[in-house]
Amino acid sequence: MRKSLLAVAIVAIAACSESPKNDSSTSAQAPEVEKTQTASDVTAQATQDNPLLAASELQYQAPDFSRIKDEHFEPAFEQGMAEHLQEIEAIAKSSEPVTFNNTIVVMEEAGALLTRVSRVFFNLVGTDSNEARRALQSKMAPRLAAHSDSIYLNADLFARVESLYNQRVALEMDPESERLLEVYYDNFVKAGAKLSAEQKDTLRALNEEHSTLTTQFSQNLLKLSKAIAVVVDDKAELEGLSDAQIKSAAAAAKAAGHEDKYLISITNTTRQPVLTSLKNRELRQRIWEASANRGTSGELDNQPLVQRLVQIRAQKAGLLGYDNWAEYQLVNTMAEKPESVMNMLNSMVPAVVSNTKAEQAAIQAMIEKEGGDFDVQPWDWAYYAEKVRQAKYDLNENEVREYFEFNRVLHDGLFYTMNRLYGIRFEARPDLPVYHPDVQAFELFDHDGKSLAIFYADYFAREGKRGGAWMSAFVGQSGLLEQKPVVVNVMNIPKGPEGEPTLVSFDHVTTMFHELGHGIHGMFSDVRYPTLAGTSVSRDFVEFPSTFEEDWAATPEVLENYAFHYKTGERIPDELLAKVLKAKNFNMGFDTLEYMSAALLDMEWHSLPADSELQDVAKFEAKALEKHGVDLPAVPPRYKSTYFAHSIGGGYSAGYYAYMWSEILAADAFAYVKERGGLTRKNGDWYRKNILEVGNSRPPMESYKKFRGQEPTTDALLIRRGLSPQGGE
Ligand SMILES: [Zn+2]
């Protein structure tokens, strides 16, 4: 898909992880805890008042949003952490001989309250934020991190885990239990459990500095987004923008105190959306430079943070016995080793670069045709690429949208596809409480009529919702805990005007399929242990099931069932459809190359050894890009280091490659399924059984080979992206 990589990149930071995200809000006041009653009175009273303190009695423990209030979260967090620590202490200090059941299984069962409150809270912070929630988020994030440390650095607890791990062969466990034990052991070791007391102190100090600097890095980025916005004096300079864009630029300027001027805000990637339509070349250059040079000077200079953060990670990796941070981060991923990532990316470079050069030639020709006497620069690319696209495909996005009415897409596109592949059925459950009137609740039924899960659909943009699209769960699946999944899909589709239907762009249609792919990964989960359920797989595997479902959106059999004009009811004309499908891979060389440059840069930063000195950021970047042959001046990386939040901010450090890795699997798998008859129950069931149901209960490559009969190749990815292996158009 034309924008899928970008969309996925933004999305997935939250998509499939449950990690709390910090922000810069100020702290809220803690509610007073009642102290005059006896402890049991307090508990009884509090449980009655605070629905989070007990498991919900709704179906599958779906949260009772009609009763949950903001003031319930903090006391539930406090009590949840305290209970969890008590449970963990009891395991660690137990005098019983260590067994898998009295150690690992009990840890799986522990922390029920903390899990419950965290899932409800962090989901609502993302979908329906307000000041109180943001403030509590800032307050809880470091507390929860320290809570996790107090478990992983507990020496008595680790001694029990380690002794089990050392006897794991003799214990003759079932494969899922053995996998769980290995995951626990690796998590403890990666967190520093094997270090000496003195080394643990060093580690804690590095962790603390790392946490302070990453917070500073992300706060600088927030401040920069305001500081570098471009002020334009004269409306004439804005030629090419729509009236609505000009109006909102004027409003933004006014709000920022620039009366009678226009403010162009800068988005988080190097490339800027307005550059597609802005005619004034000097202004384009100003905007691009504001973006690409952000965080390189003044008070908000992020360079010292980049330097020290990558050094801290290298030192931490060294302390834990790894050559570099990338090696450390890739433990228990599908790639396993930095070399496999480098090989994958490098193997793609020649085809991607030659396709990009062909695109560049077409753009250069367009510049000259329009009388331009200059070589294409990064700030020219999108503007002339759009002209090439118009000339080539003559595609009107608004005309296309009229064939994608929201409800038809959801029921006759998404749910229809799921029914054809897996025999499943979604039934509306308007009786279940939701957290916002726009949210719809469904119950998912299996092919044999058995109830499987609850699914919330939260597709429309609104204030207080984070940008992007993601999947998350309120309740995870577990045989041990007798839990069925309660899953949510979140998107930001602009809702149609009051009383009118919502028309969806084809990009958004594709993203709806993508997110439901994550959704069924969660809802089909059929494992015993919650730690191994559903989307709890490595980062370079998790985007595979979602990307796999994307391609059904553009499959003729599916389109025939959902792409009808919202007014006339006519099916989308073949000619228009052909244009849509062709145009979706336009500019894909550029899109792929800017992504790959960033992924390679991320890997290079995190390949530095523990004893390396602070690096000059600009020089390091230039050298890294040149080394891999991706240093095309007109195609800079999607993110440069000073604003590369995924990588330098930490969440996706040595992990930005994962989007492409997952897409390779998805493309390979989809091509395989297509060969075997495409949209059939047989294909769906085979895929469900081998990939979706097993979660992380076995190594991902093992699952993939069970499904596919062999390891994946990159061939299908190039075809999916419309890139020719030899280059050219
Ligand atoms: Zn995703």
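The structure is a predicted model, in which local features need pLDDT of at least 70 and side-chain atom pairs count only at pLDDT 80 or more, whereas totals for chains, interfaces and linings use all residues. Residues are numbered from 1 along each chain as its sequence is written, and side-chain values use heavy atoms, with hydrogens and water left out.

The zinc ion is coordinated by NE2 of His 514, NE2 of His 518 and OE of Glu 543, at 2.0 to 2.2 Å; donors are N, O and S atoms within 2.8 Å of the metal (3.2 Å for Na, K and Ca), and since water is not among the atoms, sites may look incomplete. The spacing of the donor residues in sequence is H-x3-H-x24-E. Because His 514 and His 518 are four residues apart in helix 19 (residues 506-523), about one helical turn separates them. Helices (H or I, at least four residues) and strands (E, at least two) are DSSP runs, numbered from the N terminus.

In strand 7 (residues 486-493), eight of the eight residues are buried. Val 486, Val 488, Val 490 and Asn 492 point one way from this strand, while Val 487, Asn 489, Met 491 and Ile 493 point the other way. Strand 7 runs parallel to strand 5 (residues 451-460), to which six bridges join it, and pairs with strand 6 (residues 470-475) in the antiparallel sense over five bridges; pairing requires that DSSP finds at least two bridges between two strands. Val 487 is the bridge partner of Phe 455 and also of Ala 473.

Across the whole structure, 38 salt bridges are found, each defined as a side-chain nitrogen of Lys or Arg within 4 Å of a carboxyl oxygen of Asp or Glu. In one of them, the side chains of Glu 557 and Arg 420 meet at 2.8 Å, N to O. Glu 557 lies in helix 21 (residues 556-562) and Arg 420 in helix 18 (residues 406-422), so this pair ties together parts that are 137 residues apart in sequence. Glu 557 is partly exposed at 36% relative accessibility, as is Arg 420 at 27%. A further salt bridge joins Glu 604 and Lys 627 (2.9 Å, N to O), linking helix 23 (residues 588-605) with helix 24 (residues 617-627). Here Glu 604 counts as buried, at 11% relative accessibility, whereas Lys 627 counts as exposed, at 58%.

How values were computed: Buried means under 20% relative accessible area, exposed over 50%, partly exposed in between (1.4 Å probe, protein chains only).
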